[in-house]
Amino acid sequence: METNTPRIDAHVHYLPPAARAALAADEPYWALLLGDRAGRPAPQGYADAARLLADMDAAGIDQVVIQGIYPQRQATAQAHNDAILQAMALSPGRLIGFAAAQPLAGAAAIDDVRRCVAAGMRGVGELNPYAQGFALDDPRWLRFVEACGRADLPICLHVNATVGPAYPGKSTLAPEACYELARRFPEVRFLLAHWGGGLFMHEIVPAVRQALRNVWYDTAASPLLYPTAAICAVARASGVLHKLAYASDYPLRLYPRTQREPDFRPFLADLDAQPWDAAERAALFGGTMAAVLRAPITTPHIAAPASTVGALGTIDEHTAVHLIATAAPEAGLLLERLGIVWQQRDAPAWQQLGQAAAARGLDAAARARLIATLRTIVAQSHEES
Ligand SMILES: [Zn+2]
């Protein structure tokens, strides 16, 4: 084991036993996650700060990032942040806080993040758009991301693979949506939890790797999701070991059949058995998280939300369908009449007008007429507004 660099766990939660009742009462999604399942206890465990620090000592972990739980109510976020700040004060430097927030709360959420950062927190998350009820094109969410970017704060997002069987806590947020988010906010640092739901595999394509240059991945809850040796080998083959952060999701019980109590050691033992070289090990257990926490943003510019006429330029075959549709309501209606799906939740943001129209049977002449009509509609709506 390397001893010269601190060992960091990028993703734990602060869930003392007393937190369970409050979450179960105030947060329906967490109540579901924490509840017993067919008479068997949920894999969620609980640990107060003293227990957390003792378990870190037992496992040789120097620092942990306490990720906030993803709340539906901003009041829950603020109470949870208070608890994290109190825990941080017990052991300065060992417990690194990320702020919980409900981005739908608008200015109240942003103000509370500011309060937490002023008190020593270093980022925002874990956020879970599915469980918190916001879409990635919601203006309140976009403003929240912009505010985090301006404050140079990394954001941790819950992402999981959308392939495979159902399990409690599985979100419908597709890894592709996180790719679009990273493209929209290329200067904001994102830590995608749970291996980014497999998004990292697409980094074998150079253009994707470039688009995801400010995206990192953590291994939180991995043993519940993937065979350890296989997923580590896929990460190696994908060329992303330098942007992988060890994370547990403690106090979650990652081996619920054999593990009764929260414990960092079983997963660490599995990870330690993988064939890392020294540089890979250094990144996994600290270097990556240091980059997430400290990497300078490359330019101070934060991308503006793209769904405006100004971002549209001239409509042609290569214009993204959702940009056209959101530029003018009538344009969206026309596209819908032609059977061209454009809502971001139903269609990828990269979908271009020419291909989408050809796929609905419009030949070149019909597409040219469509483009002319759409230009007129968008220009008129721009003049009216
Ligand atoms: Zn998560």
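**Ground rules.** The model is predicted, so I took local features only at pLDDT of at least 70 and side-chain atom pairs only at pLDDT 80 or more, while totals for chains, interfaces and linings use all residues. Residues are numbered from 1 along each chain as its sequence is written, and side-chain values use heavy atoms, with hydrogens and water left out.

**Domains.** I looked up the division of the protein and found domain 1 (8–294) and domain 2 (309–384); such bounds come from an automatic or database domain assignment. Their C-alpha centres lie 37 Å apart.

**Zinc site.** I listed the protein donors of the zinc ion as Glu126 (OE), His158 (ND1) and His194 (NE2), at 1.8 to 2.3 Å. Donors are N, O and S atoms within 2.8 Å of the metal (3.2 Å for Na, K and Ca); water is not among the atoms, so sites may look incomplete. The spacing along the chain is E-x31-H-x35-H. Glutamate 126 is in strand 4 (residues 123–127), and histidine 194, 68 residues apart from it, is in the loop between strand 6 (190–192) and helix 9 (206–211). Helices (H or I, at least four residues) and strands (E, at least two) are DSSP runs, numbered from the N terminus. Both glutamate 126 and histidine 194 are buried, meaning under 20% relative accessible area with a 1.4 Å probe, protein chains only.

**Helix 7.** I checked the length of helix 7 (residues 139–150): its 12 residues should span 16 Å at 1.5 Å a residue, and the end C-alpha atoms are 16 Å apart, so the two agree. The expected span is 1.5 Å times one less than the number of residues. Its buried residues include Trp141, Phe144 and Val145. Helix 5 (107–118), strand 5 (155–157) and helix 8 (175–184) are among the elements covering them. At the helix start, a side-chain oxygen of aspartate 138 reaches to within 2.7 Å of the backbone nitrogen of arginine 140.

**After the helix.** Aspartate 152 follows helix 7 and has a positive phi, near 60°. I then turned to arginine 189, in the loop between helix 8 and strand 6. Arginine 189 counts as buried because its relative accessibility is 3%.

**Cores.** A nonpolar core is a set of buried Ala, Val, Leu, Ile, Met, Phe, Trp, Tyr and Cys residues joined through side-chain atoms within 4.5 Å. In the largest, of 73 residues, Trp141, Phe144, Leu157, Phe190 and Phe264 touch the most other members. Helix 7 gives the most to this core, with 6 residues. Another core, of 21 residues, lies apart from it and includes Val321 and Leu335.

Note on methods. Buried < 20%, exposed > 50% of the residue type's maximum accessible area, 1.4 Å probe, protein only. Contact = heavy atoms within 4.5 Å. Polar contact = N/O pair within 3.5 Å; in protein donor to acceptor, adjacent residues only side chain to side chain.
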